[in-house]
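User: Please take a close look at the aromatic rings in this model. I would like to know how they pair and where they sit.

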Amino acid sequence: MRGISMPTHEYARMSAQHIHQIRKVPREQRNPEIGWHIINMAASTRAYTRVVLRLRAQAERMQREKDKSAAEERRGRERESKPPNSYYNTAKQSGRSVSRNSSRAPSPTQSMFSQSHHGHGGMSNHGHGGYGNRSPRDVSPSHSNGSPLLDVKPSTIFNSPLYRQRRAPLLRVFVPSPEGTWLSDASVLECEAELRRAAVMGLLRAGDIVWDVAVGDEGNVGRLIWDGSYLIDLDYTYNNVGDLPKYMPTLAFPPSYFHKVIRTSSSSANPIIHIDISPWGEEIANRLQLLQDRVRTETPQGAYHNVVRWVHRSSFVIRPPPTKSLSTTFYDPRRAQQPFAAPRIPIPGHQGLFVDSGWYGTIVVETEGTNEALADFQLRCGPAAFPAAPRGVNHGNRAVMEREAEQRRVFRILREKSRPGEIWIRTVTAKERIL
């Protein structure tokens, strides 16, 4: 319980005392209680990390059970609406009509089925991360004679202050850093060693955030991200607080996956993301418009003004892959035992990674209304959407071309405009860089 009850600033205070004692106090005069506190704090952060990952596994298990119940319910309705295969084959061979009037009275739970079907939709229960945690309604439909139609067990809604579904887990390690708030390579390696001591290396996933609580709680100080093999630093190219690094494909995570886990700067609440929009370039080119936009801005004196500006705006749609409808086929009892798995969209250039369902829907892209911003926007859409621009002087320089290609994948999510099914993003140009 120490990892939950102890305030996080106590870790940094004890770490500072430990480092001061090592540097300034002779060994025979050191306070042994500080050493014991350091050992206990390291043990408590390991236990905290194990608990958070266990909670994630529990939440995913509960979600799989709900999805399985929804799939079984859907197959049950298909089984009732279609005749058996044997009857269909016999009727086809004898030349009789397949359709026949049912002698059974209509089920009294049809309205309940329709409600539970909408609440248990397989592709609509992704929750959209920070845009709301909607949980399906737990129902247990039954026949009129009282026998259960499906073995749907009511499940509770997962709720924990330590982990939220479809959010990045914030894991903890305790590694005092003699270099200060900026972790050195040795400190990063020691953080990985702490994860190994906690026996959680096999449970980590790409996108997990690891926080060294020994260095403080200001901004994103001490926060690292697991890329699948190593802990890496955040990206400080566009602000001094830190953003998601370019090595992590944003489309593989829900739009609000890192909300409040990777903190944003006070100057902009819109986080940096990395998306390649060239696969949808032609669709974006067909919808590109020059529009007037009214923006509410704040002056240094604290007053608010409505400013009219010109923007280039377009949109594209990320559509979920088509699924084979069960209504086109007859019920097969062998398929009822297979878990429901929806098809996914692979992310170009990232083998084994797929677009998260939270991005399904309309993506609105905008940039400034200048000619320079329009030229940059056209380059982002790729040569298939717009004719190739004249080659510059640096054409052929591989390093410059790679840097320009990376810059064309940088956007910001506009949180105040985004909602489930419609995500707004804005281009980020090189003039916003601070490094």
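Analyst: What follows covers the ring pairs, then the charges over rings, the backbone and the confidence.

The model is predicted. A pair of aromatic rings is described by the distance of the centres and the angle of the planes. Searching the whole structure gives seven aromatic pairs. Take phenylalanine 158 and tyrosine 163. Their ring centres are 6.3 Å apart and their planes meet at 65°, so this pair is edge-to-face; the cut-off for that class is over 60 degrees.

Tryptophan 280 and phenylalanine 316 give a stacked pair. Here the centres are 5.0 Å apart, with 25° between the planes. Tryptophan 280 sits in the loop between β5 (272-274) and α7 (281-286), while phenylalanine 316 belongs to strand β7 (residues 304-318). The pair therefore ties together parts that are 36 residues apart in sequence. Tryptophan 280 and phenylalanine 316 are both buried.

There is also a cluster. Phe253, Tyr257 and Phe258 are linked into it by ring pairs.

Charged side chains also meet ring faces. Arginine 344 lies over the face of phenylalanine 354, 4.0 Å from the ring centre. Arginine 380 lies over the face of phenylalanine 411, at 4.8 Å from the ring centre.

Now the backbone. Most residues other than glycine have a negative phi. Arginine 166 has a positive phi, near 60°. Its place is the loop between α5 (110-119) and β1 (170-173). Arginine 166 is partly exposed, at a relative accessible area of 22%. Lysine 260 also has a positive phi, near 65°. This lysine 260 is in the loop between β4 (231-232) and β5. With a relative accessible area of 67%, lysine 260 is exposed.

Last, the confidence. The protein chain has an average pLDDT of 80, and 76% of the residues score at least 70. Over residues 97-155, pLDDT stays under 50. For that stretch the model has 89 contacts beyond four places in sequence. Residues 325-339 also stay under 50, with 20 such contacts beyond four places in sequence. Where pLDDT is low, the predicted coordinates should not be read in detail.

How values were computed: Residues numbered from 1 in each chain as written. Heavy atoms only, no water. Phe/Tyr/Trp six-rings, centres within 6.5 Å; stacked < 30°, edge-to-face > 60°. Helix = DSSP H or I, 4+ residues; strand = E, 2+ residues; numbered from the N terminus. Buried < 20%, exposed > 50% of the residue type's maximum accessible area, 1.4 Å probe, protein only. Lys NZ or Arg CZ within 6 Å of the ring centre and 35° of its normal. pLDDT = per-residue confidence, 0-100. Contact = heavy atoms within 4.5 Å.
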